[in-house]
Amino acid sequence: MSNFPQFSVLEEAILVEKPEAKEPLGILFWICVGWIGLNIVGALFANVLPIENPLFQNYSFINSGPSLHHLFGTDDLGRDILARVIYGSRVSLSVGAGAMVIGFGVGAPLGMLAAYRRGRFDTILTNVMYVLLAFPAIIATIAILSFWTPRSLFKIIVVIGVASIPLVYRVIRTATLSVATKDFIIAAKVQGATDRRIIFRELTPNIAPIAISFLLIGVATVIALEGALAFLGLSVNPPTPSWGNMINEARTILQVNPWLVIFPSAALCLFLLCLNFIGDRLRHHFDVTEVKL
Amino acid sequence: MLRYVLRRVVMLIAICFIISVGSFYLIHLLPGNITTVIEGPGASPENQAKLYKLLGLNKPIYQQYFVWISNVLRGNLGTSFISQTSVASTIRAALPIDLEIIFLSQILAFITAIPIAMRSARKPDGWLDRAFSAGSFTLLSVPTFIVIVLMVLFISIKAGVPHTGPSSYVSFSQDWLGNLESMALPAIALAIGSFVVYYRVLRSDLIATLQEEFITMARSKGLSQRRIMWRHAFRPSSVALLGAAGVNIGGLLASGFVVQYLLNIPGLGYTLISAIDTSDYLLVQGIVLVVSVGVVLINFIFDFIINIVDPRISRE
């Protein structure tokens, strides 16, 4: 090697260029993924699972604690809490998924286009989004849901989803900006690649890690928001169970039946914790530091 | 600086305009005839006329906005047709309670988050840092409404601590000590949520700041650890902390709503939810308008403070 000094310089350059070893995801990451998967399966197949009907009222078992018959106990109307927790996940999951589909469906393409095209389109859109971001979204959500009656799952998803658009826009725009100015994009342009090719083949794969980790944290935020709305009685109407409205129903009988609060709370917190953890790990794994969420 | 402030003021006015249009339009989201929905089917013609005058209902919709906004700017948010009291006076009575809860919770959050974040940042990956980072990450996933329900369950009911349960609210003018007692639980619940955010933001920013050259310089001058932390590292890092606090305020108000709802504290949140339950739409509209404008104003003030702390921001 010493005979070819320029060679060693080259090798050094390659060594520097080589990306650092990625941080491993760890066992906890996969446990969290498993838990989220389990929740999704439970929500999808709640009808075929060997659990009681969540609306069935058994008056001989009222406010009974956990037992072999009712693993999580029963509520003040004799309904099985385990069944209600499993069915309740449906509301949280659909709000989380639905709202983010709207938020990313509108916000992400707009953010990418604005950052890629720049110019007047970008200036106007970004200013509009910044004005919307300054609007207190939580208050607006409460306001719209209190007037737009009767409330339904669909309306809740639409309101929360639309409220999340400016936030998604900002994150995706910032992420795209950092990629769009890199050399390989310029190289692609010089080679005469079409805009469509650059957007789908060059930009999208590079933004995906940021988008995915933000998506997971976004889902967690949205689910927590729906929980708070349900707790205030502004989400789906009873008797449909949701984690938030179960906690709301439990608040008046805390003294009698603490289990009714503990199980849905634990289900919600565990779910959020797993989502946040996965999002956080992925961010470290892909070394996303430029974009502040 | 002046140009920056002017630009922010223009933006502030634009946002307030949008908020007012939004709050105005809320009434039109109601299904059916507006007077019937707001005042009930048995409303007297006199009351109906009053509502028509307030909202300008017989005019085209863009003129209705001007009728309504000119009333609002004169402080007339209408009269609730359920309690027969003016919306403005109801809000004036409830607002101080929200401010008190937020004020107390922020004091608690800052006096705990700042020293602990400094300790953590001094030895990143030490046992204290690990414990608090893991703990705060876990707490990040516990929404305030669950925190407060669990606190009521374990502190007021299981441990039986007096003056903390639902409906134990005492007003400040009646008995200030009792008031503080009844505010303890809500303030702590809100403080936990804020602590988690402030701790995480300040810790990571301090770790970055402590690696700067001017800190090495300060160390080599032989300054004490405490002096370096407070005088040299905290000031640049406090920008991030203030930014987080400004963004946090909207969420804080909403958390306050949840806490008031559970504990029957007659602040804006409790009033808002009861108004929604009784279909007192004018009151809901008034609270939404006041709270939204308040949040935007507070954000504006925080921006201004951040600029004083770090004047470089306005020059960018």
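1. The axes of helix α9(B) and helix α10 (residues 225-263) of chain B come within 11 Å and cross at roughly 150 degrees, where axes are lines fitted to C-alpha atoms, for helices over the stretch in contact, and angles run from 0 to 180 degrees between N-to-C directions. The two helices α9(B) and α10(B) are therefore roughly antiparallel to each other, on a scale where angles under 35 degrees count as roughly parallel, over 145 as roughly antiparallel, 65 to 115 as roughly perpendicular and the rest as oblique. Helices (H or I, at least four residues) and strands (E, at least two) are DSSP runs, numbered from the N terminus.

2. This is a predicted model, in which local features need pLDDT of at least 70 and side-chain atom pairs count only at pLDDT 80 or more, whereas totals for chains, interfaces and linings use all residues. Residues are numbered from 1 along each chain as its sequence is written, while chains are lettered from A and ligands numbered from 1 in the order in which they are written.

3. The crossing of α9(B) and α10(B) is right-handed (left-handed if the near helix is turned anticlockwise from the far one by less than a right angle, and right-handed if clockwise). From α9(B) the contact takes B:Phe214, B:Ile215, B:Ala218 and B:Arg219, and from α10(B) it takes B:Ile228, B:His232 and B:Ala233, with contact meaning that the C-beta atoms of two residues, placed from the backbone, lie within 7 Å. By class these are 5 nonpolar, 1 polar and 1 charged residues (Ala, Val, Leu, Ile, Met, Phe, Trp, Tyr, Cys and Pro count as nonpolar, Asp, Glu, Lys and Arg as charged, and the others, Gly among them, as polar).

4. Just after α9(B), B:Gly222 takes a positive phi of about 85 degrees.

5. In chain A, helix α3 (residues 81-117) and helix α4 (residues 119-134) pack at an angle of about 135 degrees, with their axes 7 Å apart, and are therefore oblique to each other. The contact joins A:Leu110, A:Ala114, A:Ala115 and A:Arg117 of α3(A) to A:Gly119, A:Phe121, A:Asp122, A:Leu125 and A:Thr126 of α4(A), and the residues divide into 5 nonpolar, 2 polar and 2 charged.

6. Two loop residues deserve a look at their backbone. A:Arg118, in the loop between α3 and α4 of chain A, has a phi near 55 degrees, a positive value in a residue other than glycine, and it counts as exposed with 12 C-beta neighbours inside 10 Å. B:Asp125, in the loop between α5 and α6 (127-139) of chain B, has a positive phi of about 70 degrees although it is not a glycine, and B:Asp125 is exposed, with 9 other C-beta atoms within 10 Å.

7. The contact between the chains takes 30 residues from chain A and 40 residues from chain B. The side of chain A that touches chain B has 23 nonpolar, 6 polar and 1 charged residues.

8. On confidence, the model scores ipTM 0.84 and pTM 0.85. Chain B averages a pLDDT of 84, and 97% of the residues score at least 70, pLDDT being the predictor's confidence in each residue, from 0 to 100.

Methods: A residue is buried if 20 or more other C-beta atoms lie within 10 Å of its own, exposed if 12 or fewer, and partly exposed in between; C-beta atoms are placed from the backbone.
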